[in-house]
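Open the model in your viewer and keep the selection panel at hand.

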Amino acid sequence: MAHRGGELTRPVASAAQQAPAEPASVTTRRAAAPAWLRPWWAQVLLIWALSRVITTTLISVLASVQGANAWTGANPRYTDFATMWDAHWYNIVAVVGYPTVLPLTDAGEIGESAWAFMPGYPVLARLLMEVSGQRWEPVAVFVSVAFSLGTALLFHRLMSRVLDASAARFAVVLFCVAPLSPMLQFGYAESMYLFFLTLALLLLLERRYALLFPVIAVMSLTRPSGLAFALALALHVGYRWFTRATDAFPPRQRMLAASVAVFSGVMGLAWPAAAWAVTGSLTAYTDTELAWRAPYIGYVELIPFTAWFQSGVWWLGLPLGILVVVALILAFTLCMFTPAVRRLGVDLRLWLASYALYLLAVFFPQSSTFRLLMPMFPLLGAAALPRSLWYRVGVVVLCILGQWGWLLLCWGVDGADWTPP
């Protein structure tokens, strides 16, 4: 027996043959397609290119009516418009670096600083700035766009291990047109992070544990993720141990899988440790992160698994806020056991559950919640399963409308904006 996406299958000649067979009509259409469009990577490239045209058009329309704000003048250029909000902090990291002394508010509390933003993305951008002689804005956008293409290609490979070819292609379509897909071409670290996360998940499904070490190292220094991925790896090791009677788990794989789980946990603590070493404050990183929720609930201690309930009460009051959070937890748990999500396999569901638990433990929900949910993109595979043309067209249209809605709500700046992306 051989492994596929956390489930057992019979050995086959290639990974592509592991997915369910396509209908004859799909095979006929593929044969009729131009030769240049038959390779899977050419299809993904076309999907990605068309989606970027649509998203760039929406962004450009909004930029043309954007008024003057804290980051740009009125009617900014695309690259200026795409590097607002937190892109400004990444710019600071790329050009200046991190402060050795934590800034304080007038009340003596730890204020916002660059320590909340990890170095992977801005360091790469700075290297390209040095090589090309270009400014931050075009380089930051270039890095994000390039990684978005790489992620789309890897995502197709990932989905092809658990879905048939038609569903895998449509999952890529959903990834490229998702409501948050404008983020893939903004000056944020999400695009780069999703690339390394997708690669890590693919290596996990292929059980190429040794290659996970460098990938996790870069991923963990791009966006906070090491602890969540460590939990997913630990659960993966436990699952393989309990199923070793039907799916061999030889000693070398046990050692590698356990070692990479520990390594991921260490990398999850590496950035807080770096902030401590430079500033001399043990809680420098967490205090800096907490500064962003202070406008909502004031300066409080980080107590795991309380922030969602604090947010629920802040937004909806008692007892509705508590009830809504409990309902969301129950709904997500049930979702993990639906037939469509089960099709994704054990390992992808372990990541989804681990990341959800991580968010529940440390994140305070507000308008950037949409962006923080992006690492749960493997769920798009479940949404890609229905074959109805009307369903697929309708979902794509809704996603594009969602892009416009998110751009208006979270990206465009209108006066005193309280919906940061």
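Predicted model: local features only at pLDDT ≥ 70, side-chain atom pairs only at ≥ 80, totals over all residues.

Residues are numbered from 1 along each chain as its sequence is written, and side-chain values use heavy atoms, without hydrogens and water.

**Surface patch.** Select Trp314, Trp315, Leu316, Leu320, Val324, Leu328 and Trp418. They make a nonpolar surface patch of about 700 Å². (Patch residues have over 30% relative accessible area and no salt bridge; nonpolar side chains, Val, Leu, Ile, Met, Phe, Trp and Tyr, are joined within 5 Å, like charges within 9 Å. A salt bridge puts a side-chain nitrogen of Lys or Arg within 4 Å of a carboxyl oxygen of Asp or Glu. Areas are Shrake-Rupley, with a 1.4 Å probe and only the protein chains shown as cover.) Helix 14 (307–316) and helix 15 (320–335) each supply at least two of the patch residues. (Helices are DSSP runs of H or I, at least four residues, numbered from the N terminus.)

**Second largest pocket.** Next, select Ala116, Glu289, Trp292, Phe363 and Gln366. Of the 48 lining residues, these lie nearest the centre of the second largest pocket. (A pocket is an open set of points on a 1 Å grid over the protein atoms alone, with protein on both sides within 12 Å along at least five of seven lines; a cavity is a set where a 1.4 Å probe fits but cannot get out; lining residues have an atom within 4 Å of a point.) Helix 11 gives the most to this pocket's lining, with 6 residues.

**Cavity.** Finish with Glu190, Tyr193, Arg223, Pro224, Tyr355, Arg371, Leu372, Met374 and Pro375, which line the largest cavity.
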